[in-house]
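Hello,

Here is the structure for your files. Please open it first; my notes on what turned up follow below.

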Amino acid sequence: MFTAITTMALGIALLRVSQIDARTYRLPDYYTLPLIAVGLALNSLHLAAIPWSYIAAAAAGYLTFALIGEAFFKLRGVDGLGLGDAKLLAAAGAWVGLKALPLVVLIAAVSALVVTIFSEQETQKRIAFGPWLAIAFFTVWLASDKW
């Protein structure tokens, strides 16, 4: 029962953060940071110990996207991947762990790419990546052994 309630709360939070990002191209800290904290707290309860591997996963998720975003900015002179995306990936790491993070990124990137290729929008138009990350994060969470 606890896992079902947790999963519904996660789904609602990810839906809300997706709506905000789709509209504003921003992922607010007041959603992403608590998602990190709650993921770490839940894994701490689950493990009955400090969840070092999930802390490492959150850090790896954040640093990976922050570095990619910084590199893109230095190459192109415009933001391509924001720190909100990095914080949302950190939240995914806090919930699903390091081994699942590449799958989250793969699902998000492929989904966004396929929809963007087949949509009739301009090819130079920016897209909100947060909704794709949220879908991938939730999908991987549902497929995890915690569900």
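The buried residues of helix H5 are Leu101, Val104, Ala108 and Ala112. Buried means under 20% relative accessible area, exposed means over 50%, and partly exposed is in between, with a 1.4 Å probe and protein chains only. The four cover an arc of only 65° around the axis, which puts them on the same side of H5. That arc is taken from the directions from the helix axis to the C-beta atoms. An α-helix has 3.6 residues a turn, so residues three or four places apart point the same way. On the other side of H5, Pro102, Leu106, Leu113, Ile117 and Phe118 are exposed.

A word on the basis. This is a predicted model, in which local features need pLDDT of at least 70 and side-chain atom pairs count only at pLDDT 80 or more, while totals for chains, interfaces and linings use all residues. Residues are numbered from 1 along each chain as its sequence is written, and side-chain values use heavy atoms, with hydrogens and water left out.

Helices here are DSSP runs (H or I, at least four residues), numbered from the N terminus. H5 covers residues 101–118, 18 residues in total. Its first and last C-alpha atoms are 26 Å apart, close to the 26 Å expected at 1.5 Å a residue. The expected span is 1.5 Å times one less than the number of residues. The buried residues of H5 pack against helix H3 (52–76), helix H4 (83–96) and helix H6 (130–143).

Now the core. The largest nonpolar core has 36 residues. Such a core is a set of buried Ala, Val, Leu, Ile, Met, Phe, Trp, Tyr and Cys residues joined through side-chain atoms within 4.5 Å. Leu14, Leu35, Trp95, Val104, Leu133 and Phe137 have the most contacts inside it. Helix H1 (2–24), H2, H3, H4, H5 and H6 each supply at least two residues of this core. H4 gives the most, with nine residues. Val104 is in contact (heavy atoms within 4.5 Å) with Leu89, Ala92, Val96, Leu133, Ala136, Phe137 and Val140, leaving aside neighbours within four places in sequence.

On to H3. Its 25 residues should span 36 Å at 1.5 Å a residue, and its end C-alpha atoms are 36 Å apart, which agrees. Tyr54, Ala57, Ala58, Gly61, Phe65, Ala66 and Gly69 are buried in H3. The buried residues of H3 pack against H2, H4, H5 and H6. Just after H3, Gly77 takes a positive phi of about 80°.

Pro51 sits in the loop between helix H2 (29–47) and H3. At 6% relative accessibility, Pro51 counts as buried. Pro51 touches Leu40, Asn43 and Ser44, not counting residues up to four places away in sequence. From Pro51 to Leu40 is 11 residues in sequence and 6.7 Å in space, C-alpha to C-alpha.

There are two salt bridges. The criterion is a side-chain nitrogen of Lys or Arg within 4 Å of a carboxyl oxygen of Asp or Glu. Lys87 and Asp29 meet at 2.7 Å, N to O. This pair links distant parts of the chain: Lys87 is in helix H4 and Asp29 in helix H2, 58 residues apart. Lys87 is buried at 17% relative accessibility, and Asp29 is partly exposed at 34%. Glu70 and Lys74 form a salt bridge at 3.8 Å, N to O. They are four residues apart in helix H3, about one helical turn. Glu70 is partly exposed at 40%; Lys74 is exposed at 64%.

Last, the aromatics. The structure holds four aromatic pairs. Rings of Phe, Tyr and Trp (its six-membered ring) pair if their centres lie within 6.5 Å; planes under 30 degrees apart count as stacked, over 60 as edge-to-face and the rest as tilted. The rings of Tyr30 and Tyr31 have centres 5.1 Å apart and planes at 45°, so the pair is tilted. Tyr30 is exposed at 61%, and Tyr31 is partly exposed at 23%. The Phe65 and Phe129 pair is tilted too, with centres 6.1 Å apart and planes at 45°. Phe65 lies in helix H3 and Phe129 in the loop between H5 and H6, so the pair ties together parts 64 residues apart in sequence. Phe65 is buried at 4%, as is Phe129 at 15%. Trp95, Phe137 and Trp141 form one aromatic cluster.

Best wishes
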